[in-house]
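Colleague: I'd like to learn how to read a model like this one, feature by feature. Could you walk me through it?

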Amino acid sequence: MSTTHNDWPLWEVFVRSKQGLEHKHCGSLHAADAQQALQMARDVYTRRQEGVSIWVVPSNTITASEPDDKAAFFEPMADKIYRHPTFYEIPDEVGHM
Amino acid sequence: MKTVEAPVGTRTAALGYLLHLADNALVLGQRNAEWCGNGPVLEEDIALANMSLDLIGQARLLYQHAAVVAGEGVTEDSLAYFRDATDFRNYTLLELPHSSDTSERDYAVTIVRNFLYSALMLLLWEGLQKSKDAQLAAIAGKSFKEVRYHFRHSRDWLVRLGDGTAESRARTQAALEHLMPYTQEYWAPSAIETVADTEGRAIDAAALKREWDDLVNDALQEAGLQRPAPGTGLPQGKNGQHSDHLAPLLAEMQSLARAHPNALW
């Protein structure tokens, strides 16, 4: 066929598994619109019963951090291990976290 | 063409009807599998392979059930791989190649056929869930879920292609003109269908015509496509009289099983 496929926008696909509570990013695909992206995601990413729910998001609406910002963004956290919850006993009543 | 048929008994009708449904699924599943590795885009390649596997899965369940009804050492494999074209009872529509005047493999032909067939099966599988043949009713329950997606997929593309570019609209309209006449076969009950229907195993497809018309007309209107005249010929695939296209399809599908009988994976 022609090159029209290249003109289709890119979509990021998020799938929630049967056990999972949240949608997880599992890949991307090209589709003409959101409905088609959803249908294609069903065929490409849930063939082996991976999911019970699908989100598709236009890739160009995602604002991502820059690799160059890594030092300023993430390294200040490296010496603050007290922020990890490993220092606390989580009561059973809290349940899933 | 008028054929003289022997009276059809209960067992012949039960078996014949199961083979009709199974052959429909197997032949279209095999035909659509030709897109594997050739799809217009990767996602559609996978979608069609998924749907072919649904259809072949339906065919397997129906052949397994038919083999029990047939007895005498018949198996699902002997039904799928060791019958010739004249024994197949699928609609002629489903054996036609994907080709058109413009293309060797035309996606509009594929989509229009899938749409015209899944619109029927949507209604048929729904009704067959109440078949007096409990095994068939169970197969219908599973198949109904699958065909709902097949219908949604083909309808979605029908609207996109009809409401798309000048070329996609022209190709889709041409595919409709080509394929619509073959749907006449749906509405002319065979002797087997009539007996199976009387006994509560089958559904009289002719009784579904009004609903089918609504499904088709609704989609065509949304797609901006014209419904062609029904045509005058009456295809006879379900009575075993096929086009020249079925034998080569079966030859390819059956060659391995016939070259190596009883081979195991």
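Modeller: Happy to. Let's start with a working definition: contact means heavy atoms within 4.5 Å. Keep in mind that this is a predicted model.

Colleague: Then which residues is W212(B) in contact with, leaving aside its neighbours within four places in sequence?

Modeller: The list is L116(B), A119(B), L120(B), L123(B), M180(B), T183(B), Y186(B), W187(B) and R227(B).

Colleague: And how many residues does the largest nonpolar core have?

Modeller: That core has 90 residues, and W125(B) and W212(B) are those with the most contacts inside it. Helix α4 of chain B, residues 107–128, brings the largest share, 16 residues.

Colleague: Let's turn to charges. What is the general idea behind a salt bridge?

Modeller: Side chains of opposite charge can pair when their charged atoms come close. Here the count over all chains comes to 17 salt bridges.

Colleague: Take R83(B) and D23(B): which parts of chain B does this pair tie together?

Modeller: First the geometry: R83(B) forms a salt bridge with D23(B), with the closest N and O atoms 2.6 Å apart. R83(B) sits in the loop between α3 (76–81) and α4 of chain B and D23(B) in helix α1 (residues 10–32), so the pair ties together parts that are 60 residues apart in sequence.

Colleague: Are those two buried or exposed?

Modeller: Buried means under 20% relative accessible area. R83(B) counts as buried at 10%, and D23(B) is buried at 0%.

Colleague: What about E34(B) and R31(B), which also meet in a salt bridge?

Modeller: Their N to O distance is 2.7 Å. E34(B) counts as partly exposed, at 26% relative accessibility, whereas R31(B) counts as buried, at 7%.

Colleague: Where do R171(B) and D106(B) lie in the chain?

Modeller: They form a salt bridge too, and their closest N and O atoms are 3.5 Å apart. The pair links distant parts of the chain: R171(B) is in helix α6 of chain B (residues 166–179), and D106(B) is in the loop between α3 and α4 of chain B, 65 residues apart. R171(B) is partly exposed, its relative accessible area being 22%, while D106(B) is buried, at 2%.

Colleague: Now the interface. How many residues does the contact take from each chain?

Modeller: It takes 13 residues from chain B and 15 residues from chain A. The area buried between the two chains is about 1400 Å², and carbon and sulfur atoms give 53% of that. On the chain B side, E43(B), Y149(B) and R160(B) supply 41% of the area that chain B buries against chain A, more than any other three residues.

Colleague: Which helices of chain B supply at least two residues of the side that touches chain A?

Modeller: Those are α2 (42–70) and α5 (134–162). The most comes from α5(B), with 6 residues. By type, the residues of that side of chain B divide into 6 nonpolar, 2 polar and 5 charged.

Colleague: Last topic, the backbone. What should I expect for phi?

Modeller: Most residues other than glycine have a negative phi. In this model, Q49(A) has a positive phi, near 60 degrees. Q49(A) lies in the loop between α2 (34–45) and β3 (53–58) of chain A, and Q49(A) is exposed, with a relative accessible area of 63%.

Colleague: And where does E72(B) lie?

Modeller: E72(B) is in the loop between α2 and α3 of chain B. Its phi is positive, about 50 degrees, although E72(B) is not a glycine. At 77% relative accessibility, E72(B) counts as exposed.

Conventions
Residues are numbered from 1 along each chain as its sequence is written. Chains are lettered from A and ligands numbered from 1 in the order in which they are written. This is a predicted model: local features need pLDDT of at least 70, side-chain atom pairs count only at pLDDT 80 or more; totals for chains, interfaces and linings use all residues. Side-chain values use heavy atoms; hydrogens and water are left out. Buried area is the accessible area (1.4 Å probe) that two parts lose on being put together, summed over both. Helices (H or I, at least four residues) and strands (E, at least two) are DSSP runs, numbered from the N terminus. Ala, Val, Leu, Ile, Met, Phe, Trp, Tyr, Cys and Pro count as nonpolar, Asp, Glu, Lys and Arg as charged, and the others, Gly among them, as polar. A nonpolar core is a set of buried Ala, Val, Leu, Ile, Met, Phe, Trp, Tyr and Cys residues joined through side-chain atoms within 4.5 Å. Buried means under 20% relative accessible area, exposed over 50%, partly exposed in between (1.4 Å probe, protein chains only). A salt bridge is a side-chain nitrogen of Lys or Arg within 4 Å of a carboxyl oxygen of Asp or Glu.
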